[in-house]
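Hi everyone, thanks for coming. I'll take a few minutes to walk you through a structure I've been looking at.

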Amino acid sequence: MTIASLPSAEAAISLEGVSRQFDGLWAVRDLTMDVPPGSILGLIGPSGSGKTTTIRMLTGTLMPTAGTLRVLGQEPSSFSIRDRERIAYMPQSFSLYPDLTAHENVGFVAALYGFSWFGREKRIKRALGMVDMWDKRNRMARNLSGGEQRRLDLACAIVHEPSVLFVDEPTAGLDPMLRQSIWQELRAMRDEGRTMLITTQYVGEADYCDNVALLADGELVTLAPPEGLRRSVFGGDVIHVEADRAVEPGVLVGVAEVTSVRQPAPHQLEVVVDDAGAASPRIAEALKAAGIGVQLLQEYQPSFDEVFTQLVSRQREANGNAANATGNGNGNRKEQTPDA
Amino acid sequence: MRDVWRSLVRVTSFLGKELRETARRPGILATLVLGPFLVMLLFGLGYTGVRKPFSTQIVLPANSELPNEPDFYEGLAPGRVDVVEVSTDPQAAEQRLRDRAVDLVVVVPANASEQLRQGKQAEIVVAWNQVDPIYDQLAGLAVSTMVSAINTEIIKQVAAEGIDIAETEMGPEITNVSPELIAQPTTAKTTNVAPSSASVLNFFAPAVLALVIQHLAVTLSALSMVRERLSGQMDLFRVAPVSAIEVLSGKYLAYALLSLFATAAVGAAMIYLLNVPLISGFLLPIGIILLLTFAGLGIGILISLVADSERMAVQLAMLVLVASVFFSGFVLPVEDFIGPVQAVSYVLPVTHAIALLQDSMLRGQLFEPWMLLALAGIGLGLYFLSLFRLSALLRGEGRQSRRRRLVPIFGSRQPSPSE
């Protein structure tokens, strides 16, 4: 499935028709998207949806079966030393050395990027400061909490001040407070002009991203800004109406800007409109004209979980219909990809 | 120049990291230094090299003229037999042998002197009860010595009778030839021209040192890459601008420093506490030790690059140790093995190191200098195998040939289009 790229003059990360098979099964299929410089793209999807496979292809660890990838204008498989110095990768699990202190771990990674002992102290201080870990710099990594270890991973990823960061599940297994704190740090880095591709299983974290790519079964379900994601489910803004008696959806026929009306209960309507602000007074007037008292009329904000569920269901339904039409089924999909 | 400097920084990052991690585990440091030292000390102080004499029963004929004091027969093979009884009942003696109450039974024939006088060879029956092939051979040697001494005694008795007859018939002038001279006309005056004394400690100390060095190097490095491969650190290396040469160089340097530190402690104890000779001086043994450490680290790092778990790495390291004990000449001479198995011996770095260290330390010169080249060759071979394997691991399937990435270390770097 190909979805129109986000408008961007020169994408920092770009995928075009990228697919990857493992043993004949598709882990990622026909992925096309661009990430503008200085933005966060959230790659959201359930476990095994192809998120880590996508990151591995973008970091040059895996080759795509088909399609082209570019990071900072380069094919990942032919990154030069200079290219590698400009990117960073934070793996899914804690991957640092438990017997080294937080400071030593960051120092080790800084040295991997060629910063000598004389030049790296400022960078270490800045990286640890950004993730609020400077005070814990002398603690052994093994003695840090799970959240602190993830932040240390993040400090290691940014110590060489990369232009592009690939961050794999930075908040997996963390409590909501820590997740929020890590997202604040990621957004602060974005504000410094860095481009980030971040994977997460938490659909609610879509709100922290500039753009969200929804993956399911290795396919791109949708690519949009978080608000656009909501609109893409219902086809526009949703206004929730509660009347003082049973109401027929037909009363709103002819009201300008109303796209569709749903009736979840006899006294309730869910009205899809182009612009909730402009349509709300007109809906209220139409109901009043029909002699119906309005008890509640407000814009409905569906949760991202709901949005995600709707979109994935539609995608699977569409795939099922397509498969039935061709008689192929969808058995080619890999159930558990290596990144799961 | 910037690339060379950054490359050096990357190498030192691994060096520093490995040293720090080891320093954080005092148990490992203690094992590294104290372990080999205690092995050397126990070996030096505890091993005598003297085998227990065989507990022996002599069975004489009832009317024998031979002496029946145990001391007499012990004197025939000094240090080899401990005569616990001289008896006349061969069946009882055989039963004691089967019960393992004695190690050897020697049955002297009833009419040995008579048969000799009649120009016939008498038969001494000797039996032992051994399943250990080494003791089986030693028992044969002890018996051979003792039978030779008994023969001499019999000849002496017959010769004495002959001289008595000759004196009676030819006069006393014949007596200048003694029966002892007739029975044992030659003696050996022995000299060992080796430049150092042939003590058990001196001979085995260089071999133990070589084995300890190789084992240290292998065990230290065998886990070095396993953890990094299993815990995701390899993913960081794949993305970072670090090459296989830089990773390997850092690891080799770190573990070489640790190994040599431990070796220096063990070597000093060996020379200054146990007084093992060092005839060649320090330079040659240090060179041999450096080559052995290089090769040992090669084995360990290669293990860490092929093992799929820490347990497998430890098992492979132990397998190398067992093979080294059996095939290196440490216990059994390499020449005792058939050709193809000797090839296995010579693949092991420690085989060459034992021969080279014994020659240099105990004789002051190398009799098989080709072994230095063999040791260096094994080390280089293992290094390149490790480099090949690590390059493949770092490359994954997406990273292109490392050749481009190695170029900057040596000079002309290919600029990337993004610069």
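First, some housekeeping. This is a predicted model, where local features need pLDDT of at least 70, side-chain atom pairs count only at pLDDT 80 or more, and totals for chains, interfaces and linings use all residues. Residues are numbered from 1 along each chain as its sequence is written, while chains are lettered from A and ligands numbered from 1 in the order in which they are written.

So, confidence. pLDDT is the predictor's confidence in each residue, from 0 to 100. Chain B averages 84, and 91% of its residues score at least 70. A contact here means two residues whose C-beta atoms, placed from the backbone, lie within 7 Å. Keep in mind that where pLDDT is low, the predicted coordinates should not be read in detail.

Next, overall form. Chain B has 17 helices and four strands. Its radius of gyration is 32 Å, well over the 22 Å that the globule rule gives for 419 residues, so chain B is more spread out than a compact globule. That radius is taken over C-alpha atoms, and the rule is 2.2 Å times the number of residues to the power 0.38. Along its principal axes, the C-alpha trace of chain B spans about 120 × 45 × 40 Å.

What about the place where the chains meet? Chain B puts in 29 residues and chain A 34 residues. On the chain B side, α1 (2-23), α10 (233-239) and α17 each give two or more residues. The most comes from α1(B), with eight residues.

Now the inside. I'll call a residue buried if 20 or more other C-beta atoms lie within 10 Å of its own, exposed if 12 or fewer, and partly exposed in between, with C-beta atoms placed from the backbone. Buried residues make up 37% of the 419 in chain B. A nonpolar core is a set of buried Ala, Val, Leu, Ile, Met, Phe, Trp, Tyr and Cys residues joined through C-beta atoms within 7 Å. The largest one has 154 residues, and those with the most contacts inside it are Val106(A), Ala155(A), Leu197(A) and Ala210(B). Helix α8 (residues 200-222) of chain B brings the largest share of this core, 14 residues. Apart from it lies another core, of 24 residues, including Val83(B), Val105(B), Val107(B) and Met146(B).

Strands count as paired if DSSP finds at least two bridges between them. Strand β1 (residues 54-59) of chain B runs parallel to β3(B), with four bridges joining them. Gln57(B), for one, has Val105(B) as its bridge partner in β3(B). β3(B) also pairs with β4(B), in the antiparallel sense over four bridges, and there Val106(B) stands opposite Val126(B). Back at β1(B), six bridges pair this strand with β2 (residues 81-87) of chain B in the parallel sense. Five of the six residues of β1(B) are buried, so that strand is largely enclosed by the rest of the structure.

Last, two residues. Is Gly296(B) buried or exposed? Gly296(B) is buried, with 31 other C-beta atoms within 10 Å. You'll find Gly296(B) in helix α12 of chain B. Its C-alpha is 5.1 Å from that of Ala217(B), 79 residues away along the chain. Gln121(B), by contrast, counts as exposed, with 8 C-beta neighbours inside 10 Å. Gln121(B) sits in the loop between α5 (112-117) and β4 (125-128) of chain B.
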